[in-house]
Amino acid sequence: MKQNNKLSIFLRGLIAENPVLVLVLGTCPTLAQTGSVIAALSMGIAATIVLACSNVVISALRKVIPDTVRIPCYIVVIAGFVTAVQLLMHAYLPDLYAMMGVYLALIVVNCIILGRAEMFARKNNMLDSLLDGLGMGVGFLLALLAMATIREVLGAGTFAGIAIPFLVGEGYSYTIPILTQAPGGFLVFGILIAIVNKIGPKKGEKKRKEFSCEGCPSAHLCGKVSCAENTELVITSEPEVQGTPEGKEGEA
Amino acid sequence: MNKLTVSSAPHIRSSSATNRVMLDVIIALLPTAIAGSVIFGWQAIATILICVLSSVLAEFIYNLILKKEQTVGDFSAAVTGLLLGLNMPANFTEIWWQCIIGSAFAIIVVKCLFGGLGANFANPAITGRIFMMICYTGTVGKSVFPIIGSAELSTGATPLVVLGSDNISSLPSLFDMLLGLRGGAIGEVCILALLVGFVYLVVRKVIYFETPLIMIGTVFVLSLLVSNDPVYALYQVMSGGLILGAVFMATDYVTTPINRTGKMIFALGAGLITVLIRLYGSYPEGVSFAILLMNILSPYIEKWTAKRPLGAKRVKGGTK
């Protein structure tokens, strides 16, 4: 059972709570780094490393960090790991480093990492935090890869830089170039979220059930029985606001 | 739930229905389609057909996969396809597969994903055209020239591009512009056929006459003010997709304001943006961008121009 629990912490990040497609965090690198598969892959790996490491450290320090200044503390920890990754990449993978540009440094403010520190690592032990970080990181990586694959294959006719026969070749190119540009990123992102919502955890529908009728702005439009009291309230209060034509005539 | 509220008598009986309106639009577009086919030949017919077929098919397949009620019967997909086809150059051999992608984008992404006809915020045909223009500037942006008396088609600068340059001696005569003997998209060249469609739609009370007139009038007046030359202003009005856009796209029910004041503001804004893009923008043509921008502004125009019941107080956020 315990083993199962650990596994579920890891698996949760992959689909059920996928950071990009379900929690909709980290949209900036998602949109910017999915124009090509290589960029997405390196972004995903770098973010996963930083996420797992920072989750472990923050979890280890969770009893030391004062509650009131926890966000700056998290940022310092995350920035430390990002700098380490940045220096390593600059030394050993200069081409990739040049390709990622500013987005590598921007991992510091990636809301997935900060979000997992705030939501998970500060409440759980180090092993669980490591698994959560890895799961979320891999989920991020998979989402980036899915988006980058769609965008690069359909938009440029290549996969990781290798031309796909029948799509591009000498004298012909059956592609949708807009997908490799920024608007295409938004299009693919929106459609992917829609698909995941449709077949996946149905986030939108669950949310609706959580609401109660009380305080619902459209209670008087919705015919649910539990809203009946609200409905009456709204209807009786309406004529006062409206100042109906009959009222005016009466005054005159 | 879902009770039909029937108000007290009298009730107005009307035969107006979505498919009847759409059928009227198709009939109004027929002269333009025929004129385009005569001017540009088989490539024009093939381009229009592939756009219509792929639009209808896209909607059919989308509804089938998502198990939604089949809405192909309201002809709106056919109208979108027809409009998109008329916005394309008669360049079938190069753009046939791009037409399929553009139609599928217009129907599925712009219309169906937002909830189908009536729920889309932008005109599918306009957005599809812009999508294709951005994707395939080289082929879709090409202006095909008819050569009367021969089956060959040539390409060159449209009147709009010529107007923007210094050398305006190569402009076709105004009479040729009216008949459509010039370069451009299939449906935008024959002004005469477009006007026939306009009159039909107004007579059938499908559209109000103000929207197209104000939009075209704005372009004319602003061009006149800028150039001080009525002939130049006339060329501006008759070139590009202005009349096609003003008559058939700026009058879309779904994506424009409901009441007449709102429609007038919409048309004014669309005309203004068109002129601004044409004269000062980097694109030669701005009608489609203008209409798309005004589509996005439509909810706000609607709010400003909402009719106030007699005696109702104005409260924050519209009338109540």
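Tutor: Start with a pair of helices in chain B. H9(B) and H12(B) are roughly parallel to each other, because their packing angle falls under 35 degrees. That angle is about 15°, and the axes are 10 Å apart. The crossing of H9(B) and H12(B) is left-handed. On the H9(B) side, the contact uses B:Ile191, B:Leu194, B:Gly197 and B:Phe198. On the H12(B) side, B:Ile243, B:Leu244 and B:Val247 meet them.

A word on confidence before going further. This is a predicted model. Its scores are ipTM 0.75 and pTM 0.78. Chain B has an average pLDDT of 84, and 90% of its residues score at least 70.

Now H12(B) itself. Eight of its eight residues are buried, so H12(B) is largely enclosed by the rest of the structure. The buried residues are B:Leu242, B:Ile243, B:Leu244, B:Gly245, B:Ala246, B:Val247, B:Phe248 and B:Met249. Three of these names, B:Ile243, B:Leu244 and B:Val247, return from the contact with H9(B).

Go back to H9(B), residues 191-203. This helix also packs against H1(B). The two axes come within 8 Å and cross at roughly 165°. That crossing angle is over 145 degrees, so H1(B) is roughly antiparallel to H9(B). The crossing here is right-handed. H1(B) brings B:Asp24, B:Ile27, B:Ala28, B:Leu29, B:Pro31, B:Thr32 and B:Ala35 to the contact. H9(B) answers with B:Ala193, B:Leu194, B:Val196, B:Gly197, B:Tyr200 and B:Leu201. Note B:Leu194 and B:Gly197: they take part in this contact, and they also face H12(B).

Next, the nonpolar core. The largest one has 132 residues. The residues with the most contacts inside it are A:Val50, B:Leu82, B:Leu86, B:Ala270 and B:Ile291. Helix H3 of chain A, residues 37-60, gives the most to this core, with 11 residues.

Follow B:Ile291. Leaving aside neighbours within four places in sequence, B:Ile291 is in contact with B:Asn123, B:Ile126, B:Gly245, B:Met249, B:Ala250 and B:Ala270. B:Gly245 and B:Met249 are buried residues of H12(B). B:Ala270 is another of the core residues with the most contacts.

Chain A has 12 helices and four strands. Buried residues make up 32% of its 252 residues. In this chain, the axes of H8(A), residues 126-156, and H9(A) come within 10 Å and cross at roughly 130°. That makes H8(A) oblique to H9(A). H8(A) passes H9(A) in a right-handed crossing. The contact is made by A:Ala146, A:Met147, A:Ile150, A:Arg151 and A:Gly155 of H8(A), with A:Gly184, A:Gly185, A:Val188, A:Phe189 and A:Leu192 of H9(A).

A:Leu192 has 17 other C-beta atoms within 10 Å, so it is partly exposed. Not counting residues up to four places away in sequence, A:Leu192 touches A:Leu21, A:Ala146 and A:Met147. Its C-alpha atom is 9.1 Å from that of A:Ala143, 49 residues apart along the chain.

Finally, a caution on chain A. Its average pLDDT is 78, and 77% of its residues score at least 70. Among its elements, H4(A), residues 70-92, has the highest mean pLDDT (92), and H12(A), residues 245-251, the lowest (41). Over residues 227-252 of chain A the pLDDT is below 50, yet this stretch has 25 contacts in the model beyond near neighbours in sequence. Residues 206-210 of chain A also stay under 50, with zero contacts beyond four places in sequence. Where pLDDT is low, the predicted coordinates should not be read in detail.

Notes:
Residues are numbered from 1 along each chain as its sequence is written. Chains are lettered from A and ligands numbered from 1 in the order in which they are written. This is a predicted model: local features need pLDDT of at least 70, side-chain atom pairs count only at pLDDT 80 or more; totals for chains, interfaces and linings use all residues. pLDDT is the predictor's confidence in each residue, from 0 to 100. A nonpolar core is a set of buried Ala, Val, Leu, Ile, Met, Phe, Trp, Tyr and Cys residues joined through C-beta atoms within 7 Å. A residue is buried if 20 or more other C-beta atoms lie within 10 Å of its own, exposed if 12 or fewer, and partly exposed in between; C-beta atoms are placed from the backbone. Helices (H or I, at least four residues) and strands (E, at least two) are DSSP runs, numbered from the N terminus. Two residues are in contact if their C-beta atoms, placed from the backbone, lie within 7 Å. Axes are lines fitted to C-alpha atoms, for helices over the stretch in contact, and angles run from 0 to 180 degrees between N-to-C directions. Angles under 35 degrees count as roughly parallel, over 145 as roughly antiparallel, 65 to 115 as roughly perpendicular and the rest as oblique. A crossing is left-handed if the near helix is turned anticlockwise from the far one by less than a right angle, and right-handed if clockwise.
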